[in-house]
Amino acid sequence: MKNEKAIVIFSGGQDSTTCLFWAKERFGEVEAVTFDYGQRHRLEIECAKEIAGETGVRHHILDMSLLNQLAPNALTREDIQVEEGKDGGLPNTFVPGRNLLFLSFAGVLARQVGAKHIVTGVCQTDFSGYPDCRDIFIKSLNVTLNLAMDDTFVIHTPLMWLTKAQTWELADRLGVLEFVRNKTLTCYNGIIADGCGECPACKLRRKGLEEYLRSRKGTSHV
Ligand SMILES: [Zn+2]
């Protein structure tokens, strides 16, 4: 697929940065799209810009500030704290249908820039209650996008069935483990790389990294 173009949905976090490198390995041309929805931390956008610049991909930033009107919550309002979902419920960072919107806009953009491939870092393994991260939804939307624009897009989800540890393993295989570790922002408190260490996103990220590094150590002597 070296003569084909892909567009990566890109937040500047661990998952989408790994997807960006995954796409660069496969496709002749890669562009990235970041959605600006008034993120709690403007640093996310800056971080995405920086990584796009360093990796030499054309970077689109689309204004999605209307999400603020639709879902006032911890991701978009400074005055509300991020909380984990109680009793297995959705965390209060949940913006219903967010991936549906992002992927649909990415589809329109893909059409404009002549990209057949859309890459997203959604993951069903760490499924935290977001229905539009599930594989069945992605397959359904792929059909819908193709019908909507009479086109033949392919949505790729390289992380769909990976654990956090396996996502680190993928970054390592792509030769970018240190890059992803040091340049990406996942932390809810807006601290780059290893983050604050305390928020749910940091805990998940660190747990996966430690698990992967332990397994790598275990196999390197075999
Ligand atoms: Zn954190």
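Which residues are exposed on the other side of helix 2? They are Gly53 and Glu54. Please keep in mind that what we are viewing is a predicted model.

Let me stay with helix 2. This helix covers residues 43-55, 13 residues in total, and spans 18 Å from its first C-alpha to its last, close to the 18 Å expected at 1.5 Å a residue. Its buried residues are Glu44, Cys47, Ala48, Ile51 and Ala52. As a reminder, an α-helix has 3.6 residues a turn, so residues three or four places apart point the same way. The cover over the buried residues of helix 2 includes helix 1, strand 2 (29-36), strand 3 (58-63) and helix 7 (177-183). After the helix comes Gly56, with a positive phi near 70°.

I turn now to the overall arrangement. The protein contains 8 helices and 5 strands. Read from the N terminus, its elements follow the order β-α-β-α-β-α-α-β-α-β-α-α-α. Of the 222 residues in the protein, 37% are buried. Among contacts between residues at least 6 apart in sequence, 66% join residues at least 24 apart.

Strand 1 and strand 2 run parallel and are joined by 5 bridges; here Ile9 stands opposite Val33 in strand 2. Strand 2 has 8 residues, of which 6 are buried, so this strand is largely enclosed by the rest of the structure. Strand 4 (residues 117-119) pairs with strand 5 in the parallel sense over 3 bridges, and Val119 faces His156 in strand 5.

What of the interior? In soluble globular proteins, nonpolar side chains tend to be buried together. In this model, the largest nonpolar core has 52 residues, and those touching the most other members are Ala6, Ile7, Val8, Leu20, Ala23, Ala106 and Ile118. Helix 1 (residues 14-26) supplies the largest share of this core, 5 residues. Leaving aside residues up to four places away in sequence, Ala23 touches Ala6, Val8, Val30 and Val119.

Why does Ile138 count as buried? The reason is that Ile138 has 20 C-beta neighbours inside 10 Å, and a residue is buried if 20 or more lie within that distance. Again not counting residues up to four places away in sequence, Ile138 touches Val122, Ile155 and Thr157. Its C-alpha atom is separated by 8.7 Å from that of Leu100, 38 residues apart along the chain.

How values were computed:
Residues numbered from 1 in each chain as written. Predicted model: local features only at pLDDT ≥ 70, side-chain atom pairs only at ≥ 80, totals over all residues. Core = buried A, V, L, I, M, F, W, Y, C linked by C-beta atoms within 7 Å. Buried ≥ 20, exposed ≤ 12 C-beta atoms within 10 Å, placed from the backbone. Helix = DSSP H or I, 4+ residues; strand = E, 2+ residues; numbered from the N terminus. Contact = placed C-beta atoms within 7 Å. Expected span 1.5 Å × (residues − 1). Pairing = 2+ DSSP bridges.
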